[in-house]
Amino acid sequence: MIDKLCIVCASNDEACLQRNLLMSDLVVRHGVPVHVERGAPSAAIAYNRGLAATTAPYVIFAHQDVYFPPNWQDKLA
């Protein structure tokens with residue numbers, strides 16, 4: 001399941017992104033790719049760009065301040 005995931009995030013605060021979403025176990029330990037859209041005029045545009053940029057069958061749209069705790073992917077599955 002992990003190899004079928006991609007996270008898409010609209011971000012306007014690099015520090016928040018670095019200390020939360022990018023520190024998630026899903027990203028750090030399991031290597032789930034994160035597509036970050038910076039400076040988009042709206043979240044909808046950012047998410048659509050991110051969706052177009054991935055071929056992953058399952059896309060997680062997440063805010064920059066989200067932290068996925070260990071084993072979160074088990075709950076998703």
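Mentor: Buried here means under 20% relative accessible area, exposed over 50%, and partly exposed in between. Keep in mind that this is a predicted model.

Trainee: Fine. Is Asp25 buried or exposed, then?

Mentor: Asp25 has a relative accessible area of 13%, so Asp25 is buried.

Trainee: Which residue does Asp25 form a salt bridge with?

Mentor: With Arg29; the closest N and O atoms of the two are 4.0 Å apart. Arg29 has a relative accessible area of 60%, so Arg29 counts as exposed.

Trainee: How many salt bridges does the count come to?

Mentor: Three salt bridges. One of them joins Arg38 and Glu14, where the closest N and O atoms are 2.9 Å apart. Arg38 lies in strand β2, residues 34-38, and Glu14 in helix α1, residues 14-19, so this pair ties together parts that are 24 residues apart in sequence.

Trainee: And what are the relative accessibilities there, for Arg38 and for Glu14?

Mentor: Arg38 is at 46%, so Arg38 counts as partly exposed. Glu14 is at 35% and counts as partly exposed.

Trainee: What does Arg49 pair with?

Mentor: Arg49 forms a salt bridge with Glu37, and their closest N and O atoms are 3.7 Å apart. This pair links distant parts of the chain, with Arg49 in helix α3, residues 43-52, and Glu37 in strand β2, 12 residues apart.

Trainee: Is Glu37 buried or exposed?

Mentor: Glu37 is buried, because its relative accessible area is 14%. Arg49, with 40%, is partly exposed.

Trainee: Staying with α3, which of its residues are buried?

Mentor: Ala46, Tyr47 and Gly50 are the buried residues of α3. They cover an arc of only 95° around the axis, so they sit on the same side of α3.

Trainee: What do the buried residues of α3 pack against?

Mentor: Against three strands: β1 (5-11), β2 and β3 (58-61).

Trainee: Which exposed residues are on the face turned away from the buried side of α3?

Mentor: Asn48 and Ala52 are the exposed residues carried by that face.

Trainee: Last topic, the surface. Which residues make the nonpolar surface patch?

Mentor: Met1, Tyr58 and Leu76 make the patch, which is about 280 Å².

Trainee: Where is Leu76 placed?

Mentor: Leu76 is in helix α4, which covers residues 72-76.

Trainee: What is the relative accessibility of Leu76?

Mentor: Leu76 is at 36%, so Leu76 counts as partly exposed. For patch membership the cut-off is over 30% relative accessible area, with no salt bridge.

Notes: Residues numbered from 1 in each chain as written. Predicted model: local features only at pLDDT ≥ 70, side-chain atom pairs only at ≥ 80, totals over all residues. Heavy atoms only, no water. Patch = residues over 30% accessible without salt bridge, like charges linked within 9 Å, V, L, I, M, F, W, Y side chains within 5 Å. Areas by Shrake-Rupley, 256 points an atom, 1.4 Å probe, with all protein chains shown as cover. Salt bridge = Lys/Arg side-chain N within 4 Å of Asp/Glu carboxyl O. Helix = DSSP H or I, 4+ residues; strand = E, 2+ residues; numbered from the N terminus. Buried < 20%, exposed > 50% of the residue type's maximum accessible area, 1.4 Å probe, protein only. Arc of directions from axis to C-beta. Contact = heavy atoms within 4.5 Å.
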